[in-house]
Amino acid sequence: MANLSNVSSQVKGRTITQKEKAKKAAKTYNPYGFSGKTNIFMHILLASFSFLCIFPFIYVIIISLTSEQSLAQNGYSIFPQEWSLEAYRYLKTMKDQLLSAFGVTLLVTVLGTLISVSIISLYSYAISRKQFIYRKQFTFIAFFTMLFSGGLVPFFIVVTQFLDLKNTIWALILPLAVNAFYIIIMRTFFQQSVPEAILESARIDGAGEFRIFLQIVVPLAVPGIATIALFSTLAYWNDWFNALLFIDNPNLVPLQSLLMKIENNLDFIKQNSMMSQNSSLLNSIPQDSVKMAIVVIATLPIALSYPFFQKYFVKGLTIGGVKE
Amino acid sequence: MKRLKKFGRNLYSNRIWLLMTLPGLIWFAIFAYLPMFGQVIAFKDFRYDADGFFASVKNSDWVGFENFRFLFSTNDAFIITRNTVLYNLLFIVLGLILAVGVAIILSEITKQKLAKVYQTGMLFPHFLSWVVVSYFVFTFLSMDRGMINGFLEHFGFEAISWYNEASFWPYILVAVSQWKGVGFSSIVYLAAIVGIDRSYYEAAMIDGASKWQQIWHVTIPMIMPIIIILTILNIGNIFSADFGLFYQIPRDSGPLYSVTNVIDTYVYRGLMTMGDIGMSTAAGLYQATVGFVLILIANYIVRKVDEDNALF
């Protein structure tokens with residue numbers, strides 16, 4: 001008897017677990033998505049790749065916090081033997097240079113974004129309106145620059161000799177101010193999001209085109225304009241190429257460019273100290289961790305603001321098609 | 001005369017729109033069209049003239065195709081063309097497969113909140129400059145301190161001097177470019193996939209299509225237009241390389257030039273380190289012209305196949 005009841009309870013138990021399993025399966029079964037094992041595998045795949053995308057930044061932060069001795073002994077390790085704030089303390093001695101570079105980058109980014117957004121939205125709004133009889137020609141003027149380029153050397157000569165912008169802040173701002181691709185995107189955006197009927201009624205009320213643009217069109221186009229502003233801000237913040245071409249003056253070097261030069265600067269100090277056999281100076285500069293500390297402070301503003309603007313970025317990328 | 005009058009009237013009645021386009025027009029004139037005109041330097045022996053840009057261009061002597069002959073007489077022209085085209089081809093094919101793949105997976109996995117988290121992670125590298133990325137890569141490839149040599153030595157292999165060993169760089173550059181770009185390029189495809197009408201999938205399911213069949217017969221055909229447009233654009237740009245990738249990531253290391261020198265880095269070095277303006281301009285004009293022809297051809301082919309998907 002005891003055995004029998006045992007068996008029956010076992011059977012009962014099994015049926016319950018089977019029922020639960022079926023319930024669970026029904027819950028996880030997604031008619032639109034992957035099923036079961038494939039789904040888990042895909043999750044693991046994407047999770048590992050997205051971790052791989054962030055990992056180098058974490059790695060650099062760790063290196064910047066490792067003592068120079070640990071670095072010399074164990075190389076760049078994920079689990080350093082000895083943590084240290086030495087690198088960040090050393091940055092204080094470079095305070096002037098760093099602050100100047102931050103200032104240049106900030107000025108270029110803010111001013112550049114304002115100029116860029118103004119020029120691009122005015123141009124693309126004009127070519128999005130049917131009243132403008134030369135809209136086709138002006139669209140072509142912008143579009144053609146996407147197909148054929150003047151090349152680096154003539155561009156360089158124009159900026160240095162024709163405009164004479166070498167070693168000025170404008171050499172960092174103007175070359176990035178306009179981008180034909182954004183103009184085409186914004187034109188589509190204006191066509192779709194600013195209905196002619198609203199503008200017509202404003203015109204009947206006697207508003208001028210510039211007033212209509214500022215008071216009606218811009219508020220309607222905020223999502224698009226914000227996207228262009230975001231693209232532009234990132235382009236200016238991350239730009240080092242124009243500084244590489246046009247800036248020799250150490251007071252005008254932006255942050256990214258300082259990052260490129262710091263390597264040479266520190267190597268220079270190192271070589272000098274090696275030549276003079278002054279090893280105490282060599283040891284006093286936490287070379288690698290300082291470099292990584294500068295990488296960290298140059299990247300941190302983006303890394304911190306990134307989760308907030310990413311949403312708009314993703315949305316903005318898909319607002320306007322390229323096609324007419 | 002009458003036409004001129006009408007043109008004048010048209011200009012006047014469109015003055016407000018012309019005024020709006022004016023700043024952009026000036027920018028295009030100076031930063032895009034003036035350099036295009038400046039390409040004539042490629043046919044000249046360029047000399048700086050104190051009287052400014054136009055005087056410099058005008059007073060330099062014509063040399064015909066001398067600069068081009070010089071460019072193509074060296075082995076460099078072949079190497080930089082080969083590198084540029086092959087890398088870009090790899091980037092286009094691999095980039096397309098990975099980006100579409102990631103987009104499909106992101107759209108199909110359960111727990112869309114997690115999918116958003118993955119996307120945030122994958123997009124992160126796109127926002128970093130190549131300078132920062134080159135430091136990232138250096139932490140892995142540094143000869144004496146890098147992570148990879150650390151592993152190699154730990155398992156008893158010899159350390160590799162990565163920045164002097166050209167044979168690894170094709171793989172490294174491809175990996176880095178995909179690492180930086182996949183998250184970004186998948187966004188557009190993901191948006192296209194999300195926009196597909198769900199009833200197509202329901203119909204496919206009723207007909208008994210498996211998930212893979214749905215992807216193959218519904219998702220991919222539905223996003224084909226955007227795939228084609230982006231691919232034409234990429235093919236049109238096959239002659240222009242991402243300067244940052246090829247200049248910053250190998251840290252301008254000389255022994256790697258045979259596999260890292262592309263047209264863009266060649267032009268840059270010709271201008272900034274060798275000061276050979278004529279030949280650099282010739283290389284730039286060669287790049288721009290072939291690129292222009294390629295994009296016209298690609299667009300022409302697409303228009304023949306399917307007019308709706310052509311770019312212009």
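Predicted model: local features only at pLDDT ≥ 70, side-chain atom pairs only at ≥ 80, totals over all residues.
The average pLDDT of chain A is 84, and 81% of its residues score at least 70. Among the elements of this chain, the lowest mean pLDDT, 48, belongs to helix α1 (residues 2–28) of chain A, while the highest, 97, belongs to helix α8 (residues 170–173) of chain A. Over residues 1–15 of chain A the pLDDT is below 50, and this stretch has zero contacts in the model beyond near neighbours in sequence. A further stretch, residues 25–30 of chain A, also has a pLDDT below 50, and it has three contacts beyond near neighbours in sequence.

One helix of chain A can be followed in detail. Helix α9 (residues 180–193) of chain A has 14 residues, and the distance from its first C-alpha to its last is 20 Å, close to the 20 Å expected at 1.5 Å a residue. At the N-terminal end, Asn179(A) caps α9(A), with a side-chain oxygen 2.8 Å from the backbone nitrogen of Phe181(A). Is α9(A) mostly covered or mostly open? It is mostly covered, since ten of its 14 residues are buried. Those buried include Ala180(A), Tyr182(A), Arg187(A) and Phe190(A).

Where the two chains meet, 100 residues of chain B are in contact with 100 residues of chain A. The size of an interface is often given as the accessible area lost when the parts come together. Chain B and chain A bury about 9,100 Å² between them, and 78% of this area is on carbon and sulfur atoms. Trp17(B), Phe127(B) and Arg145(B) supply 10% of the area that chain B buries against chain A, which is more than any other three residues supply.

In an unreviewed entry, the annotation "transmembrane region" covers several spans of chain A, among them residues 98–126 and 290–309. In the model, residues 98–126 of chain A are 100% helix and 0% strand, with end C-alpha atoms 42 Å apart, and residues 290–309 of chain A are likewise 100% helix and 0% strand, with end C-alpha atoms 29 Å apart. For chain B, the annotation "transmembrane region", again from an unreviewed entry, covers spans including residues 168–194 and 215–236. Residues 168–194 of chain B are 96% helix and 0% strand, and their end C-alpha atoms are 38 Å apart; residues 215–236 of chain B are 100% helix and 0% strand, with end C-alpha atoms 28 Å apart.

Within chain B, Ser177(B) sits in helix α9 (residues 169–194) of chain B. Ser177(B) counts as buried because its relative accessible area is 13%, under the limit of 20%. Its side chain makes a polar contact of 3.3 Å with the side chain of Gln178(B), and, leaving aside residues up to four places away in sequence, Ser177(B) touches Phe91(B) and Leu245(B).

The last stop is a loop of chain B. Most residues other than glycine have a negative phi. Arg251(B), in the loop between α12 (243–248) and α13 (257–260) of chain B, has a positive phi near 55 degrees, and Asp252(B), which lies in the loop between α12 and α13 of chain B, has a positive phi near 55 degrees. Arg251(B) counts as partly exposed because its relative accessibility is 23%, and Asp252(B) counts as partly exposed at 31%.

Terms used: Residues numbered from 1 in each chain as written. Chains lettered and ligands numbered in written order. Heavy atoms only, no water. pLDDT = per-residue confidence, 0-100. Helix = DSSP H or I, 4+ residues; strand = E, 2+ residues; numbered from the N terminus. Contact = heavy atoms within 4.5 Å. Expected span 1.5 Å × (residues − 1). Buried < 20%, exposed > 50% of the residue type's maximum accessible area, 1.4 Å probe, protein only. Polar contact = N/O pair within 3.5 Å; in protein donor to acceptor, adjacent residues only side chain to side chain. UniProt positions renumbered as here; feature names shortened; annotations may be inferred. Buried area = accessible area lost by both parts, 1.4 Å probe.
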